[in-house]
Amino acid sequence: MKLFYKPIALPFEYPFTISGGRTKTHQPSLLVALQLGNYIGYGEAPAIQYYNVTVDEMVAVLEQKRNFVEKFALTEPERYWHYLHHLLPNHPFLVAALDMAAWDLFGKMEQQPIYKIWGLTWENTPLTDYTIGIDSEEKMIQKMLAKPWPIYKIKLGFENDVALVAALRNKTNAVIRVDANAGWTLEEALIKIPELQKLGVEFIEQPLAKENWEGMKVLFQQSPLPLIADESCVSEHDVAKCKDHFHGINIKLTKCSGLTPAKRMIHEARNLGLKVMMGSMNESTVGTAAIAQFLPLLDYVDMDGPLLLKEDIATGLEFNEGKVQMKGNTGLGIELKQ
């Protein structure tokens with residue numbers, strides 16, 4: 001195989017802020033490609049500051065390990081993931097991008113979309129939400145009204161955030177989900193969640209700090225709304241810990257290191273009676289198309305990355321009032337823009 005890569009930085013339509021005051025205007029990412037003969041597969045790894053992942057570091061690692069990445073004889077992507085997992089044990093985001101590219105390449109060689117290779121049919125696919133980042137009440141309402149959508153995910157984790165949800169609820173009958181991004185204490189969550197239930201909120205994502213398992217156990221027993229783990233469920237080793245602490249998990253392909261382990265996480269979550277969500281890290285259509293392959297397996301999905309960006313690098317997905325359709329018929333089903 002031949003390896004190619006390209007750093008990219010895609011601008012957001014609006015500055016994107018989550019709890020803790022973390023704001024960004026662009027999403028830096030690394031686009032990778034694996035070529036075998038006439039076939040090319042693509043993958044994407046967004047750089048996320050609070051996971052200490054940078055594009056420069058990923059590029060440096062790729063250059064250091066290029067020969068090893070290229071020399072593998074690709075017969076099936078699962079074997080390649082295991083190889084990469086041992087080759088790059090401390091770089092799950094990079095492994096995820098290469099695993100994604102391998103699956104795209106394999107799907108093109110097999111002349112099938114990835115979900116069909118997995119034996120799935122395109123039915124019972126959940127609607128994606130549209131995320132409203134933290135801003136002033138006026139601007140958050142403005143963002144919501146500018147994008148009529150059946151499901152909104154609202155970033156919370158600040159003072160008077162329940163009042164903000166009430167203001168949004170006054171403007172829409174859409175489903176509202178809340179993502180606190182670990183921004184509440186147990187005491188705050190016990191007060192706020194019943195209030196959010198009265199406002200018709202569907203579920204709460206990551207209410208407490210990721211290491212606060214004792215607090216989550218208490219909250220799990222008392223919360224009137226479902227609780228979904230995000231920062232507390234990074235890799236497949238975290239799934240079992242979420243039982244009796246959360247009602248479901250949110251899988252991020254980049255954090256868990258790719259499509260291959262994500263399949264195992266879904267299987268384990270189902271065995272434990274947990275709901276399954278898959279989430280975005282503000283990927284372009286490349287990374288978002290990888291999420292799309294899992295849609296028939298999911299209860300909830302947050303794959304609005306391309307909707308939040310002012311510019312994109314690929315085509316292949318259609319969003320129609322939350323319903324996602326793939327346009328391509330092989331691999332990820334995407335084409336890079338020229």
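**Reading the model feature by feature**

Analyst: Met109 touches Leu36 and Tyr39, leaving aside residues up to four places away in sequence, where contact means heavy atoms within 4.5 Å. This is a predicted model, in which local features need pLDDT of at least 70 and side-chain atom pairs count only at pLDDT 80 or more, while totals for chains, interfaces and linings use all residues. Residues are numbered from 1 along each chain as its sequence is written, and side-chain values use heavy atoms, with hydrogens and water left out.

User: Where is Met109 found, and is Met109 buried, exposed or partly exposed?

Analyst: Helices (H or I, at least four residues) and strands (E, at least two) are DSSP runs, numbered from the N terminus, and Met109 belongs to helix 3 (residues 92-110). Buried means under 20% relative accessible area, exposed over 50%, and partly exposed in between, with a 1.4 Å probe and protein chains only. Met109 is partly exposed because its relative accessible area is 30%. The C-alpha atoms of Met109 and Thr330 are separated by 8.3 Å, although the two residues are 221 residues apart along the chain.

User: How should I read the surroundings of His245, and which residues does His245 touch?

Analyst: His245 sits in the loop between helix 9 (239-242) and strand 9 (248-251), and it counts as buried because its relative accessibility is 13%. Not counting residues up to four places away in sequence, its contacts are Trp213, Met216, Lys217, Phe220 and Leu227. The side chain of His245 also reaches the backbone oxygen of Lys243 at 3.0 Å.

User: How many disulfides does the count come to?

Analyst: A disulfide is a covalent bond between the sulfur atoms of two cysteines. The rule used here asks for a pair of cysteine sulfur atoms within 2.5 Å, and by this rule the count is zero. The closest cysteine sulfur to that of Cys233 is in Cys242, at 4.2 Å, and is therefore too far for a bond. Cys242, accordingly, is in no disulfide. Cys233 is buried at 1% relative accessibility, and Cys242 is buried with a relative accessible area of 0%.

User: What lines the largest cavity, and what lines the largest pocket?

Analyst: On a 1 Å grid over the protein atoms alone, a cavity is a set of points where a 1.4 Å probe fits but cannot get out, whereas a pocket is an open set with protein on both sides within 12 Å along at least five of seven lines; lining residues have an atom within 4 Å of a point. Grid points are joined across faces, edges and corners, and a volume is the space filled by probe spheres set on the points.

The structure holds one cavity of 30 Å³ or more, and about 80 Å³ of space lies in the largest cavity. Its lining includes Phe12, Tyr130, Lys143 and Leu308, and strand 1 gives the most to this lining, with five residues.

The largest pocket has a volume of about 400 Å³ and is lined by 23 residues, with Phe16, Ile18, Lys24, Tyr50 and Asn282 lying nearest its centre. Strand 2 supplies the largest share of the pocket lining, four residues.

Definitions and conventions:
Polar contact = N/O pair within 3.5 Å; in protein donor to acceptor, adjacent residues only side chain to side chain.
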